[in-house]
Amino acid sequence: MADPVFSPDDQKLFDSRLADILTRYPADRKSAAMLPALRMMQEILGWCPPEGLRLVAERLEVKPERAYEVASFYVMFHTEKPGKYVVDVCTNLSCSLRGAEGMLAYLERKLGVKAGHGNEQWLLREAECLASCGTAPCLQVNEDHHENLTTREKVDAIFANLG
Amino acid sequence: MTVAPAPAVQTVISEAWGQPNSHLISEYKKRGGYKALEKALAMEPTAITDEIKRSNLRGRGGAGFPTGLKWSFVPKDNPKPKYLAVNGDESEPGTFKDRYILEYDPHLMLEGIAIACKAIGAHKAYVYLRGEFKFQAERVDAAIKEAYEAGVFGESVLGSGFKLDCYLVRGAGAYICGEETGLIESIEGKKGWPAVVGLFGCPTVVNNVETLASVPPIMNKGAAWFAGLGTDKSGGTRLVCLSGTVNRPGVYEVSMDTTIDQLIHDPKYGQGMPAGRKVKAVIPGGSSAPVLTADETDVALEFEALKMKQTMAGSGGVVVMDDTTCMVRALWRVTRFYAEESCGQCTPCREGMPWMTRLLRKIEEGLGEPEDLEILMNVAASIAPFPPIGLGNTICALGDAGALPVQSFVMKFKHEFEQHIAEKRCPHGDHPWGHFGDWA
Ligand SMILES: Cc1cc2nc3c(=O)[nH]c(=O)nc-3n(C[C@H](O)[C@H](O)[C@H](O)COP(=O)(O)O)c2cc1C
Ligand code: SF4
Ligand code: FES
């Protein structure tokens, strides 16, 4: 018997929220709840582990491959356990024109990881346009968005409280 | 998370931006909110659609398709349920306008949604926001709750007997889900591979956030007023997103006759270029729109005028590049995006985008060979023809979106590409781009 994916409390929370989400879709289209279900799981566990994908697939009455296929298609779902903080830096054109490449290099030095790599603490990635081109450069730390990062002080302030 | 700064010029759509609590239904109603919906509920659905047709409203998501015409295609005698899918994916590089609507005035969009649903006979609307929009999703979620409490959504919209539910769906990071059939696949809980059937196999209208936010003002003030704000073929004002190397980037609501030059230099908008810099190139409609040279910027930011220049108004993303910009590196950044975001279904797009990206990287690093430019153009041509004539050789327009920048950059700035190859280095010196910020 595999270990349970969630603690009993988390399981209850997950199931009740999923039940609510399922009311939004046609009764024969349970699998439409795939993205919300994966997102909920990731909010609880920090990633989408294989046993979690199996659980979601079971609840939505699809094959486990389908859950894996969806989870691996979207960059925001982690099918491998990431570091504690996922740092996404936009290096698309508008941000690069306003210093994003320099900011990324600064972060590589500051965090001690190269873009595209990670350790237990950080996963540093180049992200695509985050709709902050007018307030560039920008980055997200675990989905918290920060923009107007025109100075080192502003970047340092974001990381000051992350241990 | 802070709300983005409000721009200086505000008219039809951006009227409330920056006002305190503009996102709450109480404030929205003080501004006359949900009056347009009351009016629409008393009308025949076809009369609503006709009004939108007469307003000359064209889609603001990228393709500029006439909105009233799109609504009129929904079959009336089809017994299947009908759906409205709202496109808040906002992922075209250089585009950041819909987020301001979501942040400052979500009820304007929700009212537009309710009116659109009444017009097309849909009883369910799904608002799809890109996954990275966490704060915006919170705002929309709260606004939907308020709207249910106020009877805007539910069993009987404002007591009219019309039933309507509205749900928020969040994406998870994939540009292709902004393409309308990819969007539908994603709402259905799949990976966003473009296909051709409606949501849950039913008739579905997909509209952009700004498009729907334009609907309540049209119902309030009339189609003639809205049409009168625009050109012969395109009604209303437009949100344009100014970014890149200008003094004051931001979203500005402009009339359709505003030119790129005005947008860059006018004190109301971009306030000119940084000291000592000149414009070198401008992308006028999101990164997939063919680039314009500095000599071509005296052109209105409007669908037809930009089409005449063999480019497009697209999503309203205007990206300015100054005279210190390396065009090879800029294009590499753009092309890399389309390579990353190709869904992989069509061979020319799946293979061609990474190939072009590698070639550009090679040229930028000073390793380019003379024949590389021809290869680059051939690969681009195998994906889509230039100038744009509609869909190229791929299932969806992402193929065109990735090929057109390559063709236009290389054609218009060929000497720079050749210089990289001849000198075996980037003539602009070492990157990262250092014009802004002090990161060394
Ligand atoms: C690759 C690709 C990406 C797109 N991304 C978006 C997007 O992020 N937001 C959007 O509103 N439309 C996007 N579109 C356009 C949509 O396919 C569609 O035309 C639009 O949502 C229709 O709404 P409208 O008629 O109100 O403009 C994209 C199209 C393509 C081909
Ligand atoms: S053109 Fe590209 S993104 Fe569009 S369907 Fe084909 S492979 Fe996918
Ligand atoms: S280019 Fe970075 S947010 Fe758009």
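Analyst: Among contacts in chain B (heavy atoms within 4.5 Å) between residues at least 6 apart in sequence, 70% join residues at least 24 apart. This is a predicted model, in which local features need pLDDT of at least 70 and side-chain atom pairs count only at pLDDT 80 or more, while totals for chains, interfaces and linings use all residues. Residues are numbered from 1 along each chain as its sequence is written, chains are lettered from A and ligands numbered from 1 in the order in which they are written, and side-chain values use heavy atoms, with hydrogens and water left out.

User: How many helices and strands are there in chain B?

Analyst: Chain B has 18 helices and 9 strands. Helices (H or I, at least four residues) and strands (E, at least two) are DSSP runs, numbered from the N terminus. The radius of gyration of chain B is 22 Å, close to the 22 Å that the globule rule gives for 440 residues, so chain B is as compact as a globular protein of that length. That radius is taken over C-alpha atoms, and the globule rule is 2.2 Å times the number of residues to the power 0.38.

User: What box do the C-alpha atoms fill, and what share of the residues is buried?

Analyst: Along the principal axes, the C-alpha atoms of chain B fill a box of roughly 75 × 45 × 40 Å. Buried residues make up 63% of the 440 residues in chain B. Buried means under 20% relative accessible area, exposed over 50%, and partly exposed in between (1.4 Å probe, protein chains only).

User: How many salt bridges cross the interface?

Analyst: The rule finds 9 salt bridges across the interface of chain B and chain A. A salt bridge is a side-chain nitrogen of Lys or Arg within 4 Å of a carboxyl oxygen of Asp or Glu. Over all chains the count comes to 41.

User: Which residue does A:Glu101 pair with?

Analyst: A:Glu101 forms a salt bridge with B:Arg333, the closest N and O atoms being 3.0 Å apart. This pair crosses between chains, from helix H6 (residues 100-111) of chain A to helix H14 of chain B. A:Glu101 is buried, at 7% relative accessible area, and B:Arg333 is buried as well, at 6%.

User: And A:Glu126: buried or partly exposed?

Analyst: A:Glu126 is partly exposed, with a relative accessible area of 29%. A:Glu126 forms a salt bridge with B:Arg333 at 3.0 Å between the closest N and O atoms, and another with B:Arg336 at 3.4 Å, N to O.

User: Which residues are linked in a network of salt bridges?

Analyst: The network links A:Glu101, A:Glu126, A:Glu128, B:Arg329, B:Arg333, B:Arg336 and B:Glu364.

User: Changing topic: where does B:Cys166 lie?

Analyst: B:Cys166 lies in strand S3 of chain B and is buried, with a relative accessible area of 3%. Leaving aside neighbours within four places in sequence, B:Cys166 is in contact with residues including B:Leu110, B:Val127 and B:Phe153. B:Gly244 is 78 residues from B:Cys166 along the chain, and their C-alpha atoms are separated by 36 Å.

User: Finally, what does B:Thr357 touch?

Analyst: Not counting residues up to four places away in sequence, B:Thr357 touches B:Trp332, B:Thr335, B:Arg336 and B:Ala339. B:Thr357 is placed in helix H15 (residues 347-364) of chain B and counts as buried at 11% relative accessibility. A polar atom of the B:Thr357 side chain lies 2.7 Å from the backbone oxygen of B:Met353.

Definitions and conventions:
A polar contact is a pair of N or O atoms within 3.5 Å; within protein, one must be able to donate a hydrogen and the other to accept it, and residues adjacent in sequence count only if both atoms are side-chain atoms.
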